[in-house]
Amino acid sequence: MTHLISIDTNVSDPAAATPNAPAAIEIFDPPMCCPTGLCGPTLDQTLMEVGDMIQTLRSEGLHVARYQLTSHPHRFMNNPDVLSLVRARQAAALPITTVGGHIIKVGSYPTLAEVRTYLEGIEHA
């Protein structure tokens, strides 16, 4: 069983969702010691909140994926907007979050409310 907030390389590309499917949410993470960042002796509250957000969105049927440069370099390389930001700002650009292929947040993780705002905008477009 895959932990809900881990990176699962066997999941199909959420960016390839069909037009009628829920918008894909992709998080391009900064370097971390493990896929979730929740493996050290102290827990990072921000990463715990991100994990909760991902679990909530997935429970609502949304496609959510997390990528790290060391584990999924092709995801960074195949997204011109993300690649441009990483080249310009380096690690300071990360994390980068996209919703429906559009960058919504750079340099910090979005809140669940921020993601919902962008999802609502996509639904009404």
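Which side chains meet in a salt bridge at 2.8 Å, N to O? The side chains of D29 and R66 do, a salt bridge being a side-chain nitrogen of Lys or Arg within 4 Å of a carboxyl oxygen of Asp or Glu. This pair links distant parts of the chain, 37 residues apart, with D29 in strand β1 (residues 24-29) and R66 in strand β2 (residues 63-68). Helices (H or I, at least four residues) and strands (E, at least two) are DSSP runs, numbered from the N terminus. The structure is a predicted model, in which local features need pLDDT of at least 70 and side-chain atom pairs count only at pLDDT 80 or more, while totals for chains, interfaces and linings use all residues. Residues are numbered from 1 along each chain as its sequence is written, and side-chain values use heavy atoms, with hydrogens and water left out.

A search of the whole structure finds three salt bridges. Another is formed by R116 and E60, with the closest N and O atoms 2.8 Å apart. R116 belongs to helix α4 (residues 112-123) and E60 to the loop between α1 (45-59) and β2, so this pair ties together parts that are 56 residues apart in sequence. R116 is partly exposed at 28% relative accessibility, and E60 is also partly exposed, with a relative accessible area of 43%. A salt bridge also joins E114 to K105, where the closest N and O atoms are 3.1 Å apart. E114 is partly exposed, its relative accessible area being 28%.

The strands form an open sheet of four, in the order β2-β1-β3-β4, with mixed pairing. Two strands pair if DSSP finds at least two bridges between them. β2 and β4 (102-106) are the edge strands, each pairing on one side only. On average, neighbouring strands of this sheet are turned by 20° against each other, direction ignored. Axes are lines fitted to C-alpha atoms, for helices over the stretch in contact, and angles run from 0 to 180 degrees between N-to-C directions.

Strand β1 pairs with β2 in the parallel sense over six bridges and with β3 in the antiparallel sense over four bridges. E26 has A65 as its bridge partner in β2 and T98 as its bridge partner in β3. F28 stands opposite Y67 in β2. Six of the six residues of β1 are buried. From this strand, A24, E26 and F28 point one way, whereas I25, I27 and D29 point the other way.

Helices α1 and α4 were examined against the strands. Helix α1 lies across β1 and β2 and runs at about 145° to β2. Helix α4 packs on the sheet, touching β1, β3 (96-99) and β4, and its direction makes about 30° with that of β3. Contact means heavy atoms within 4.5 Å. I122 is found in helix α4 and counts as partly exposed at 35% relative accessibility. I122 and V99 are 23 residues apart in sequence and 8.7 Å apart in space, C-alpha to C-alpha.

Technical notes
Buried means under 20% relative accessible area, exposed over 50%, partly exposed in between (1.4 Å probe, protein chains only).
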